[in-house]
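The stops below can be selected one after another.

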Amino acid sequence: MSTRTFRITVRGVFDGLSAAQRADLLADAAEHDVLHAAYTPEGHLSYDIAARTAFVFRFSDTGEEEEDILEATERAEETARAWLTGRGYGFKNLRSGAEDLSQAPLGKRQRRAVRSSGS
């Protein structure tokens with residue numbers, strides 16, 4: 001059995017931030033810029049608090065079976081909740097989406113490479 005790679009995206013909105021919390025987020029904004037976003041096992045948070053209160057955590061995880069994506073999604077959501085509550089940040093509208101990369105369609109370049117190696 002092969003290992004499957006999952007990408008999990010957890011989205012939400014900061015809620016009820018104090019002026020100090022908003023200032024803290026603004027001070028750390030450069031390390032959470034969407035241009036540096038990546039799917040990582042520990043999760044990467046991106047936001048632009050100056051523009052809007054939405055945030056996105058991106059996680060990567062693995063599993064052996066298709067059903068493992070459900071547990072990976074639960075872990076990602078719990079990690080996001082723990083990060084937010086551990087810092088005292090209120091949030092709402094938490095939702096997640098997950099993708100099994102073994103099921104993702106091949107891009108144009110990948111299809112060409114598969115055809116080239118198969119002939």
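The tour goes from a salt bridge between strands to a second one, then to a helix, and ends at a pocket.

This is a predicted model, in which local features need pLDDT of at least 70 and side-chain atom pairs count only at pLDDT 80 or more, while totals for chains, interfaces and linings use all residues. Residues are numbered from 1 along each chain as its sequence is written, and side-chain values use heavy atoms, with hydrogens and water left out.

Select Asp100, which lies in strand 4, residues 91–100 (strands, E, of at least two residues, and helices, H or I, of at least four, are DSSP runs numbered from the N terminus). Asp100 is buried, with a relative accessible area of 8% (buried means under 20%, exposed over 50%, and partly exposed in between, with a 1.4 Å probe and protein chains only).

**Arg75 and Asp61**

Next, select Arg75 and Asp61, whose side chains meet in a salt bridge at 2.7 Å, N to O. Arg75 lies in helix 2 (residues 68–86) and Asp61 in strand 3, so the pair ties together parts that are 14 residues apart in sequence. Arg75 is partly exposed, with a relative accessible area of 40%.

**Along helix 2**

Stay on helix 2 and select Arg81 with Glu77, which lie four residues apart, about one turn of the helix. Their salt bridge has its closest N and O atoms 3.8 Å apart.

**The largest pocket**

Finally, select Ser46, Tyr47, Asp48, Arg52 and Ala54, which of the 15 lining residues are the closest to the centre of the largest pocket. On a 1 Å grid over the protein atoms alone, a pocket is an open set of points where a 1.4 Å probe fits, with protein on both sides within 12 Å along at least five of seven lines, and lining residues have an atom within 4 Å of a point. Strand 3 gives the largest share of the lining, four residues.

Terms used:
Points joined across faces, edges and corners; volume = space filled by probe spheres on them. Salt bridge = Lys/Arg side-chain N within 4 Å of Asp/Glu carboxyl O.
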